[in-house]
Amino acid sequence: MYAISVDAPGGPEALVWGEVPDPEVGAGEVLVDVVASAVNRADVLQRMGFYDPPPGSSPYPGLEVSGRISALGPGVEGWKVGDEVCALLAGGGYAQKVAVPQGQLLPVPEGVSLVDAAALPEVVCTVWSNVFLDAGLTKGDRFLVHGGGSGIGTMAIQLAKAAGAYVACTVGTPEKAERCRELGADLTINYRTEDFVESGKYDVILDNMGAKYLDRNVTALAAGGRLMVIGLQGGGKGELDLGKLLTKRASVHATSLRARSLDDKARIVASVRERAWPLISAGAVRPVIDRVVPMPEAAQAHRLMENSGHFGKILLETGES
């Protein structure tokens, strides 16, 4: 098969499309013929040498795919060859084939094309596990997500709005602000000209910036608020004012989806299938696709990601749809 590998850490040009060995399918796994994958910030960090795959996982980038099952490993139940699926991965999505633990498979939702389904697993599982399973967002809560125009942001806005929350987001341009409002955001905050702290207090904040926003995020929490940190784009070390947390009875959670155990990922995927997938099938929540790029041209997709000019997800298509 062909896949994107990283010969040495570096810029987008470090991504090389070439022939590699087919993946081996173990017990409890299926082989998926990949139709599309999606670009995530973690892929960029991996390419740069800052985010190695977990031990035992594929060395190739790519945390989600869509495609068709072409083989079943021993012990697989509930799936058959030919099923159209999307899947959460620890790596290996930038390839024509990938082996997937059965607990990380999801059916393609009704009304979503097979290519577009590649935009769903990573962002839905990330938002669902953090905002709903861990932070417990409920109807009437005030919710803030940083980076409203990102893949995570566009999904978080929709899921939080569907849950009946008041939804705010930070954005970098008026154009992104308008599109976020179309997705359901009640308030958009231009982080270049406005301070989100002045917009009020929030029960749940989903943050991709880390250290740069830590103190202001804590200030923006309501009593009993929950700050969920899922990224370190603004640095990994910051000063935490425990006095603020004590006064507010608030909490800070830092989580990563990629390194979770198979059982934990299966738990999240099962919850997503039960509770989030019906919203997508009903059209209340949808994948937001910026563009689709041929997988051999993944370097172009990474440049787009790093320039932050996209809105929603950037997909990589193998041409097998």
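Predicted model: local features only at pLDDT ≥ 70, side-chain atom pairs only at ≥ 80, totals over all residues.
Local features need pLDDT of at least 70 and side-chain atom pairs count only at pLDDT 80 or more, while totals for chains, interfaces and linings use all residues. Side-chain values use heavy atoms, with hydrogens and water left out, and residues are numbered from 1 along each chain as its sequence is written.

A salt bridge here is a side-chain nitrogen of Lys or Arg within 4 Å of a carboxyl oxygen of Asp or Glu. The whole structure holds 13 of them.

Select Glu64 and Lys313. Their closest N and O atoms are 2.5 Å apart. Glu64 belongs to strand β4 (residues 64–72) and Lys313 to strand β15 (residues 313–317), so this pair ties together parts 249 residues apart in sequence. Strands (E, at least two residues) and helices (H or I, at least four) are DSSP runs, numbered from the N terminus. Glu64 is buried at 0% relative accessibility, and Lys313 is buried at 3%. Buried means under 20% relative accessible area, exposed over 50%, and partly exposed in between (1.4 Å probe, protein chains only).

Next, select Asp83 and Lys80. The closest N and O atoms of this salt bridge are 2.8 Å apart. Asp83 is buried, at 15%, whereas Lys80 is exposed, at 53%.

Last, select Arg260 and Asp134, whose side chains meet in a salt bridge at 3.6 Å, N to O. Arg260 sits in the loop between β13 (251–254) and α7 (262–281), and Asp134 in helix α2 (residues 121–134), 126 residues apart. Arg260 is buried at 17%; Asp134 is partly exposed at 34%.
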